[in-house]
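Welcome, and take a moment to look at the model below. This report walks through a few of its side-chain contacts and then a pair of packed helices.

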Amino acid sequence: MRTYTQLTREQRYQIKALLKAQHTQTEMAEILGVHKSTISRELRRNRGLRGYRPKQADNLATQRRQRLNRARIPTHHWDRVATLLCEHWSPEPISGWLAQEEGIVISHEWIYRYSYQNKRDGGDLYKHLRCQKPRRKRYGSNDRRGQIKHRISIEQRPKVVDSRSRTGDWEADTVIGRTGGAVLVTLAKRKTRCSILALAKDKSAKAVKEVLIDALQPYAAQVHTITYDNGKEFAHHGEIVSALDAQGFFAHPYHSWERGLNENRKGLIRQYLPKGTNFDELSHEDIWYIMDKLNNRPRKCLDYKTPNQVFFGINPPVALAS
């Protein structure tokens, strides 16, 4: 099977001679050892006003190749992508946000390719990507953590919570650092995807309860429901809902998709706090930094706006650094 190659200048001079000898395109292709469509395309694209001339045809073909080889995406657009990657934005939100806010069209696949090419060139942009290694699916068997008293199943949660149509429905969880040390209490608002993070001194139900109430107290008027996982740190859920005048519900064991927002948020937090991190060494400034990054990160489900844009109308700081 023949493979396509560019015609050389010598072959173009041969074409001129064969035209003059009144050979057909099929005959010329046979003589030059190319497909007849190559001859047809050459005569159609590289013919001038004075007919087919080899030198002119070769120049036209060279100019066309140079135009095609020119970068489709300008360097300053890639610089913008690199800036957003360093803000720990994922390629898909970067793609959607740039198209919507700045009129720059770059697919998320191209951004991934750019990141990995940068890695091959010795760069470190890939380190800002969320996923650094393949995940392993874990299969649970029986729940051995015991039952939380007076827990109310997610099956009894109002249907309006599923629709995300109102502000005031939250998901709560914890992120564990070094065993026996401080834990991070995470709260995510289902509608706007806003995040609140706070440190508890340990994973005890009392410590988590106190931190969770303190974190949500300023927003008490906007707390209607809280959905928890089945960790024993939420055993004092009754005191939490009483303090906030809200309802509390528990997802089914090993049904992480029932709290998909918080599970996703935990994955984002692990970019900043890998497993095994000693949370006792974290300052309030560290927590606020992470929370600011999460709430200023565009979300596809928010039409590539950030939680802060949706809830407070505040544009991400990086939008000003163009």
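Arg 113 lies over the face of Trp 110, at 5.0 Å from the ring centre. A charge sits over a ring if NZ of Lys or CZ of Arg is within 6 Å of the ring centre and within 35 degrees of the ring normal.

A word on the source: this is a predicted model, in which local features need pLDDT of at least 70 and side-chain atom pairs count only at pLDDT 80 or more, while totals for chains, interfaces and linings use all residues. Residues are numbered from 1 along each chain as its sequence is written, and side-chain values use heavy atoms, with hydrogens and water left out.

Searching the whole structure gives seven aromatic pairs (ring centres of Phe, Tyr or the six-membered ring of Trp within 6.5 Å; planes under 30 degrees apart are stacked, over 60 edge-to-face, the rest tilted). Two of these pairs are set out here.

| Pair | Centre to centre | Angle between planes | Type |
|---|---|---|---|
| Tyr 228 and Phe 234 | 4.9 Å | 40° | tilted |
| Tyr 272 and Tyr 289 | 6.3 Å | 90° | edge-to-face |

Tyr 272 lies in the loop between helix H11 (260-269) and helix H12 (284-295), and Tyr 289 lies in H12, so their pair ties together parts that are 17 residues apart in sequence. Helices here are DSSP runs (H or I, at least four residues), numbered from the N terminus.

Tyr 272 is buried at 15%, whereas Tyr 289 is partly exposed at 43%. Buried means under 20% relative accessible area, exposed over 50%, and partly exposed in between, with a 1.4 Å probe and protein chains only.

Finally, the helices. Helix H5 (residues 75-86) packs against helix H6 (residues 91-101) at an angle of about 130°, with the axes 10 Å apart. That makes H5 oblique to H6 (angles under 35 degrees are roughly parallel, over 145 roughly antiparallel, 65 to 115 roughly perpendicular, and the rest oblique). Where they touch, Arg 80, Val 81, Leu 84 and Leu 85 of H5 meet Ile 94, Trp 97 and Leu 98 of H6, contact meaning heavy atoms within 4.5 Å.

How values were computed: Helices (H or I, at least four residues) and strands (E, at least two) are DSSP runs, numbered from the N terminus. Axes are lines fitted to C-alpha atoms, for helices over the stretch in contact, and angles run from 0 to 180 degrees between N-to-C directions.
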